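Hello,

Here is the structure I promised to hand over. Please open it beside this email.

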Amino acid sequence: MHAAQGEPLEGLPEVELAADGRELPRRRRARLDARRLRPLQHEERDSGRRDRGRYELPLAVPSEKRHGRHGSLSPMRVLVTGGAGFIGSHFVRRLAAAGDEVVVLDKLTYAGNQANLDAVEHEFRRGDIADADVVAEAAAGCDAIVNFAAETHVDRSILGPADFILTDVLGTQVLLDHARHHGLRHLQVSTDEVYGDIEPNAPAATEESPLRASSPYSASKAGGDLQVLAYVRTYGVDALITRGANTYGPRQYPEKFLPLFITNALDGEHLPVYGDGRQRREWLHVEDHCAGIELALREGRAGEVYNVGGQERENMEVVRRILDLTRGSPDLVRHVADRPGHDRRYAVDSSKLRALGWSPKHSFDAGGLAGTVDWYRANREWWEPIKSGDYRAYYEQQYAARLGA
Ligand SMILES: NC(=O)c1ccc[n+]([C@@H]2O[C@H](COP(=O)([O-])OP(=O)(O)OC[C@H]3O[C@@H](n4cnc5c(N)ncnc54)[C@H](O)[C@@H]3O)[C@@H](O)[C@H]2O)c1
């Protein structure tokens, strides 16, 4: 006997006892019941079928919890790792507003900022996702993990890749182990960069496209993704992946292209454009990205990957728009030595997530970029201290020689 995905769990015993005779808390009990109702069969694991979507993997989080935003009153308790960073903090806001309980685990590296979570209801724990004890403590009582924690800047990965492997690969594996042993759903927040360079007129990457990571950053993210899929296949862990495009919006650390150029333009500083600036990226508003992640968390299937795409633009086009919006002089633009191994184009096909019900609400040209510029203009107190601190040393190392300063 087993319940299909989405069906209520009926006919379950009222009480679930732990090995030592204690009654397990209701949330954990429901998860264990769901697992017992649908054990993963060996022949399914070993059948070698390529279409993972046909696996009926056990549901770690009962459907009445996962569907919270879509009608149920039963909140989830979610561990959001990296929740003090750019996208993670928007996601925490979103879940808290939906009535879910959120625990944030964040190491607070240079990119983490607890102020990003001001006035948002959550529990905060400082720690490393690669530390199993820290993860166990933070994840106690949670139904799901959403993993944003990562070293995320390509240029820093070129200067020193080791931390990227430790967090993006090993840290992911530690979280997966916890999900495996405690029956949590794991959603891995990944990136379109794992597909590598897409030829100028080639179709956008689908979830089936090969992984051809180019930078130490994207290679470490691809390593994390492969661990996720291996844990699904080998251990039946209820895990899935989203691969988002270049994300923009308020509170992005100003080393990344968009906030770097916006804040430099607002201060009348040079805009160091890598190479000819003809690289193409898809731009995805952070709220649209978080909506896609939330939908995948609640409705996505274990073992699946969901692309979250944006609007494709050439970098020089974006630079010109930033100069218009900040009333900056075109003389600020400096073409500097390109990043080694720099991908020319990223493009992803998001039709799979759209079929689940996702559609972006923000247009890059009609309000998305302008609203972001307005935010940086109005919130100097957020980014000025960052740009005058340790960041300065990094900026000098990365750009001083290139700018001939
Ligand atoms: N920014 C983008 O354009 C983009 C696009 C697609 C996917 N992603 C992915 O989304 C996620 C979040 O990206 P972001 O731009 O918000 O990053 P970010 O650099 O702003 O934030 C990363 C957060 O992770 C924390 N962190 C780093 N190492 C940790 C560790 N070992 N343990 C616990 N916390 C740790 C940092 O303190 C920080 O708060 C990343 O996994 C990234 O790969 C980002």
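This is a predicted model: local features need pLDDT of at least 70, side-chain atom pairs count only at pLDDT 80 or more; totals for chains, interfaces and linings use all residues.

Residues are numbered from 1 along each chain as its sequence is written.

**Ligand shell**

There are 31 residues around the ligand; Gly82, Gly85, Phe86, Gly112 and Ala150 come nearest. (A residue is near a molecule if its C-beta atom, placed from the backbone, lies within 6 Å of it.) Elements giving two or more residues to the shell include helix 4 (86–97), strand 2 (101–106) and helix 7 (162–182). Helices (H or I, at least four residues) and strands (E, at least two) are DSSP runs, numbered from the N terminus. Helix 4 gives the most, with 3 residues. The shell divides into 13 nonpolar, 13 polar and 5 charged residues. Here Ala, Val, Leu, Ile, Met, Phe, Trp, Tyr, Cys and Pro count as nonpolar, Asp, Glu, Lys and Arg as charged, and the others, Gly among them, as polar.

Strand 2 and strand 3 pair in the parallel sense over 4 bridges. Val104 has Phe124 in strand 3 as its bridge partner.

Strand 9 (residues 280–285) and strand 11 run antiparallel, joined by 4 bridges. Arg281 stands opposite Arg313 in strand 11.

**Helix pair**

How do helix 9 and helix 13 pack, at what angle and how far apart are their axes? Helix 9 (residues 257–266) and helix 13 (residues 364–378) pack at about 55°, with their axes 10 Å apart. Axes are lines fitted to C-alpha atoms, for helices over the stretch in contact, and angles run from 0 to 180 degrees between N-to-C directions. The two helices are therefore oblique to each other. (Under 35 degrees counts as roughly parallel, over 145 as roughly antiparallel, 65 to 115 as roughly perpendicular and the rest as oblique.) Leu258, Pro259, Ile262, Thr263 and Leu266 in helix 9 meet Thr372, Val373, Tyr376 and Arg377 in helix 13. (Contact: C-beta atoms, placed from the backbone, within 7 Å.)

Best wishes

Conventions: Two residues are in contact if their C-beta atoms, placed from the backbone, lie within 7 Å. Two strands pair if DSSP finds at least two bridges between them.
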